[in-house]
Amino acid sequence: MSRASLRRAALGCLMGALGLGTVGPVATARADVIVLRGGGQVEGKVVPAPVSAQSKSKSKENRVEVLLLKSKTPLMLRKEQILEIVPKASPLDEYLVKREKAAATAPAQFELGQWCESNKLGDLARVHYEAALEHDKTLVAAHQKLGHVEHAGQWLSRDELRKVQGLTKHKGRWITEDEKTKQDEQALTTAGQASWVRRIKLMVQGVLSGAPDRRREAETQFMQIRDPEAVWPLVKVMGGAETDIRILLAQTLGEIPGKESAQALVRLILAEEEDVVRGVVLDRLKKSDDPGILPQLVRALGSNDLRVVNRAAWTLGNLDAVGAVPRLLNVLVTSEERLVLVPPPTGGQGPGFPPILMAWNGNSAAYMIPPAVGAGSVAFGATVVPGVFALDPYNPGVPLGPTLGGGDYPGSMGGNRGPTPRLMTFTYQNVEVLGALVKLTEQDFGYDVDQWRQWVARSFNPRPNPVRRVPQP
């Protein structure tokens, strides 16, 4: 049979299956290269459109579906758009048979999804994993195949999880709302803002000139700014300047109405290292009635930077944000794991004395390392040493075992092998968080989180001074 005859036969079979002719029944569908009228082609499988799609409108009576190898959604075509069908075998042949036989149950749909995945039909596999969850939302294997993550008793997609975590998608990346605001501000280089940048630079030069009259005039000009469009130029020009200029920046932002200036003040106080500048910013925040200030500070409690966490807590405490107490409890004591290189100790007493033994189970030992004090927090470290089969009777707490035979621990035997990588857990007691809790609750349970939580459950009142709604005599 010639190639043209083969094409005509295939087209006749397709037309018979779609009701376009009466050339005889078709036992199974074939994967095709569909040549389109007017040029172009697609690779897939042509099947009759579902009854629901056919019945939506009269214009769709002559539609067909094309199942694609690389898409979840079939391509809808009018029958007259198909010029020619070139037979070409693919996994879609067997897929159509299996789909027809698959029961409308979670196990059957999941099994079909696995078959699709093993035959490189990944997009169709997702269709059937999703169908399995429609029948049984507790099917863990289907959730895992779809990349879902269990969070607080619910299965969420990765995008849903990021939204729950307070992130937003911006230019293809998931970032915090504060980061998005900052990027948006940096991108807003309008003509008006460019003009403000030039004006502010001249005014800053006037403040720094040394001439008293010119300095007073420039400071007066700053205090007269009321345009919200000036907020980003002010932060850009003055945010990294010396202390006096940063104080002037806080004072200027405090005079500008609107959420833009309030957001800028919060970012200033979270980034500011000097107490005197933070005090000025705090004073301006107290005078602001913007409702977004407290939520922005509460979100900052989730920062990975402990300096930001402690500054946010200090600010919340000084703003009398009693409602933030439960969120403050979550960061009173924080922990993180880090892989660190532990240098070989000197041995004996003094600087190289062994850390405190916390636990030993006959196979590994856990040790507490001395505390380290940082800005706003106190860190206690702990490390686990594997392969500890005995403790040195002459040096209490010092491990003996195959992994320590090289002399990488005080009191062990052997030569020095240099720094050793260890996975260490660091626990931080956040000083400013405790200070805020004490100020807001007039209680002090130290860093005992359980005792704090018991008190909150028993006695905490998020509105200690409710607003009077009825005139009092």
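Trainee: Which residues touch the most other members in the largest nonpolar core?

Mentor: In this predicted model, the largest nonpolar core holds 60 residues, and those that touch the most other members are Phe-222, Leu-234, Met-238, Leu-253 and Leu-328. Helix α13 gives the most to this core, with seven residues.

Trainee: What makes a set of residues a nonpolar core?

Mentor: The members must be buried residues of the listed nonpolar kinds, joined through side-chain atoms within 4.5 Å. In soluble globular proteins, nonpolar side chains tend to be buried together.

Trainee: With which residues is Leu-253 in contact, leaving aside its neighbours within four places in sequence?

Mentor: With those neighbours left aside, Leu-253 is in contact with Val-231, Leu-234, Val-235, Ser-261, Ala-264, Leu-265 and Leu-268.

Trainee: Thr-252 lies in helix α12; why is Thr-252 called buried?

Mentor: The word buried is used for a relative accessible area under 20%, and because Thr-252 has a relative accessible area of 0%, Thr-252 is called buried. The helix that holds Thr-252, α12, covers residues 243-255. Leaving aside its neighbours within four places in sequence, Thr-252 is in contact with Phe-222, Met-223, Ile-225 and Leu-234.

Trainee: Why does Arg-284 count as buried?

Mentor: Arg-284 has a relative accessibility of 15%, and the limit for buried is under 20%, so Arg-284 counts as buried. Arg-284 lies in helix α14, which covers residues 275-287. Apart from its neighbours within four places in sequence, Arg-284 is in contact with Ala-250, Gln-251, Gly-254 and Leu-265. With Ala-250, Arg-284 has a separation of 34 residues in sequence and of 7.3 Å in space, C-alpha to C-alpha.

Trainee: And why is His-128 called buried?

Mentor: For His-128 the relative accessible area is 5%, and a value under 20% is what the term requires, so the conclusion is that His-128 is buried. His-128 belongs to helix α5, residues 122-135, and, leaving aside its neighbours within four places in sequence, is in contact with Tyr-95, Arg-99, Gln-109, Phe-110, Leu-112, Gly-113 and Cys-116.

Trainee: Why is Ser-459 called partly exposed?

Mentor: Buried ends at 20% and exposed begins over 50%, with partly exposed in between; because Ser-459 has a relative accessible area of 39%, the term for Ser-459 is partly exposed. Ser-459 lies in helix α19, which covers residues 449-459. Ser-459 and Thr-441 are 18 residues apart in sequence, while their C-alpha atoms are 9.9 Å apart in space.

Trainee: Why is Glu-442 called exposed?

Mentor: Exposed requires over 50% relative accessible area, and Glu-442 has 73%, so Glu-442 is exposed. Glu-442 is found in the loop between α18 (431-441) and α19, and has a positive phi of about 60 degrees although it is not a glycine.

Trainee: Where does Lys-171 lie, and why is Lys-171 called exposed?

Mentor: Lys-171 lies in the loop between β8 (167-170) and β9 (173-176). The relative accessible area of Lys-171 is 71%, and the term asks for over 50%, so Lys-171 is exposed. The phi of Lys-171 is near 55 degrees, a positive value in a residue other than glycine.

Trainee: How do you know that strands β3 and β4 pair?

Mentor: At least two bridges are needed for two strands to pair, and four bridges join β3 (residues 63-68) to β4 (residues 75-78), so these strands pair. The two strands run antiparallel, and Leu-77 in β4 is the bridge partner of Val-64. A hairpin through six residues joins β3 to β4.

Trainee: Which helix gives the most to the lining of the largest pocket?

Mentor: Helix α8 does, with six residues. The largest pocket has a space of about 940 Å³, and of its 29 lining residues the closest to the centre are Thr-176, Asp-178, Glu-179, Lys-182 and Leu-270. Helices α8 (177-187), α11 (231-238), α13 (259-271) and α15 (293-300) each supply at least two residues of the lining. By kind, the lining divides into nine nonpolar, 10 polar and 10 charged residues.

Methods: Residues are numbered from 1 along each chain as its sequence is written. This is a predicted model: local features need pLDDT of at least 70, side-chain atom pairs count only at pLDDT 80 or more; totals for chains, interfaces and linings use all residues. Side-chain values use heavy atoms; hydrogens and water are left out. Buried means under 20% relative accessible area, exposed over 50%, partly exposed in between (1.4 Å probe, protein chains only). Contact means heavy atoms within 4.5 Å. On a 1 Å grid over the protein atoms alone, a cavity is a set of points where a 1.4 Å probe fits but cannot get out, and a pocket is an open set with protein on both sides within 12 Å along at least five of seven lines; lining residues have an atom within 4 Å of a point. Grid points are joined across faces, edges and corners, and a volume is the space filled by probe spheres set on the points. Ala, Val, Leu, Ile, Met, Phe, Trp, Tyr, Cys and Pro count as nonpolar, Asp, Glu, Lys and Arg as charged, and the others, Gly among them, as polar.
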